[in-house]
Amino acid sequence: MSSLRRPTNTKPELARGFAGVFAYSTRALELVWTTSRPLTIAFGLMTLIAGALPAAVAYVGALIVDAVVAAIQATPSTREALTQHALWLVAGEGALVAAIAGAQRGLNLCQSLLRAQLGQRVNVMILEKALTLELSHFENSDFYDKLTRARREASSRPLSLVTRTFGLAQNAISLLSFGSLLLHFSPWAVALLILAGLPAFLAETKFSGDKFRLFLWRSPETRMQLYLETVLAREDHAKEVKLFGLGPLFLDRYRKIFNKLYHEDRNLTIRRDTWGFFLGLIATVTLYGAYAWIALSAIATRITLGQMTMYLMLFRQGQAAVSAILSAVGGMYEDNLYLSTLYDYLETPVNGGKGVAVHGPKPEDGIRFEKVSFTYPGAEQPTLIDIDLHIRPGESLALVGENGSGKTTLIKLLTRLYAPTSGRILLDGQDLQEWDEAALRDRIGVIFQDFTRYQLLLGENIGAGDVRHFEDEERWRDAGEKGMAAPIVETLPAGYRTPLGKWFNDGRELSGGQWQKIALSRAFMRSRADILVLDEPTSAMDASAEATVFEHFRTLTRGRIAILISHRFSTVRMADQIVVIENGRIIERGGHDELMQLNGHYSHLFSLQAKGYR
Ligand SMILES: Nc1ncnc2c1ncn2[C@@H]1O[C@H](COP(=O)(O)OP(=O)(O)OP(=O)(O)O)[C@@H](O)[C@H]1O
């Protein structure tokens, strides 16, 4: 299990400090505004209404008390008019309270609708960014943490930030209106109102920062938890987990991670709440001090009974508004910290895809590797060293070598999933890096040994080989014939429309070899591709299937470049050119007969395998 460590990115840290409160607010507001203008406007209007009316309620409340007192003290002739006046005021206050309730409901409604739309929008932004990333990003654990963090927390934060900003505005309006009424009593009362909430606010801000840093540090743990959940609850792992009895072990590890995280969370929550309680006491003491002050003023008849009720209400509600404002600011600070992780992810620089070439100057030249070396990011040793290779159009090449010798890596470079660390790769005389992304994808059809098994229709699993014809049944059939999926399809009642995998209703599971035939057919969807690469495509097929596959493959790739990685020499021997790789270097190359005569590594491995069959 990975230990708790600080991630290397420092950007979220930059958002710390008080300036961090507003660092991403404008972007969040822009995001909300562009998600739905009508809802944002309605949200703003309701905020204004909900903010301004409470002071009006307090004011009308004072008028009611004074009107009642006046009616009690009135002569019988004027009492009826004064009573009626008091009742009208009561009705007026009722209407105001109803309006506040309406505005609150409206706020909740806008918020729910915006939350749904914004959550989707941010998720789509995260996924759209994922599409532009390079393979190396996904293989980098720091980056993966960033992605997990953005997905876990960031989608709810923009709305939260905007809600708090609006809440802040609402309470500020209330506070201003309360303050202006309270000013008639004493400016000191206004100052007291504001100062009493500050200590609790400072504590809240500090704890928000602590919580965020905890969130950053524990990303690897959270990721491990997610991973263990996947292993324990997914059908493709169930077989091994059951047979090896791994379940209790993994579950225990899962529990331990939870306990560790819970322990840290608990400590922080206890500290946060204890401090919150004691600092909140200061506010309560202030409130009751002010209460006494106002009561004494009423006894001394400096203010009327109605004014006393109003000031008490103003002070009480004013204090609630101050603490709401301060906690909104604290919350905004927290939201900003979390949003920084989203923008940090969204702004990950992406290289590549910059080339524009759609043709090369020498179409007859094919593929050329010139002194290509490659070291994986973060690795100490190079995986490929000084690779020189030339494959002309119409030629087939087989790559042979022990596990880990670098064969798949060579294909990753050829398909531009990675760029060489030194040297260059040319296609039709043009550096691979200068090729336009789409033009290059069009040229190359590749099936890796760990091809994806999509939980989709069988036909779509084949159609995935060419997005333009993803749903084209004619093309599925054609590719299915070439890749030998057709006989499997015939046994299925729904044919090409059979859902594969067990995730969805009526899904069919295929055998390993059958899946490989589907993947092989996927490669044949690329009818325009003139370079076909198969990385161990037949390892799970039976011998007769493999022989037929290669017969097909040779006929279908005539005139194209065919590159094949295989550990079966019966297949490899058919290639025009065989390249033997050992520890990242090419150690032998030539045709089968040539290499057999050389009596080197290839001939040794070939004889070893042939002996096994005798
Ligand atoms: N994403 C990666 N990051 C770092 N190192 C990697 C990565 N992928 C592969 N390697 C390393 O590069 C070396 C070559 O791997 P590669 O997959 O190219 O071997 P291969 O010849 O295709 O092996 P096999 O026959 O087992 O498929 C191995 O030592 C492997 O550990």
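Which residues of the largest nonpolar core touch the most other members? The views below concern a predicted model, in which local features need pLDDT of at least 70, side-chain atom pairs count only at pLDDT 80 or more, and totals for chains, interfaces and linings use all residues. Residues are numbered from 1 along each chain as its sequence is written.

**View 1. The largest nonpolar core and the contacts of Ala398.** The members that touch the most others are Ala398, Leu399, Val400, Val533, Ile578 and Val579, in a core of 66 residues. A nonpolar core is a set of buried Ala, Val, Leu, Ile, Met, Phe, Trp, Tyr and Cys residues joined through C-beta atoms within 7 Å. A residue is buried if 20 or more other C-beta atoms lie within 10 Å of its own, exposed if 12 or fewer, and partly exposed in between, with C-beta atoms placed from the backbone. Beyond its neighbours within four places in sequence, Ala398 is in contact (C-beta atoms, placed from the backbone, within 7 Å) with Leu564, Ser566, Val572, Ala575 and Ile578. Another core, of 55 residues, lies apart from the largest one and includes Leu31, Leu53, Leu159 and Leu161.

**View 2. The shell around the ligand.** Glu139, Tyr376, Ala379, Thr383, Gly401, Asn403, Gly404, Ser405, Gly406, Lys407, Thr408 and Thr409 surround the ligand, each having its C-beta atom, placed from the backbone, within 6 Å of it. Two of these residues are nonpolar, eight polar and two charged; Ala, Val, Leu, Ile, Met, Phe, Trp, Tyr, Cys and Pro count as nonpolar, Asp, Glu, Lys and Arg as charged, and the others, Gly among them, as polar. Helix 14 (residues 407-414) gives the most to this shell, with three residues. Helices (H or I, at least four residues) and strands (E, at least two) are DSSP runs, numbered from the N terminus.

View 3. Five bridges join strand 1 and strand 2 in the antiparallel sense, and Arg368 has His390 in strand 2 as its bridge partner.

**View 4. Positive phi at Thr301 and Lys371.** Thr301, although not a glycine, has a positive phi of about 55°; it is found in the loop between helix 12 (247-299) and helix 13 (305-346). Thr301 counts as exposed because it has 8 C-beta neighbours inside 10 Å. Lys371, in strand 1 (residues 367-374), has a positive phi near 45°. With 12 other C-beta atoms within 10 Å, Lys371 is exposed.

Definitions and conventions: Contact = placed C-beta atoms within 7 Å. Pairing = 2+ DSSP bridges.
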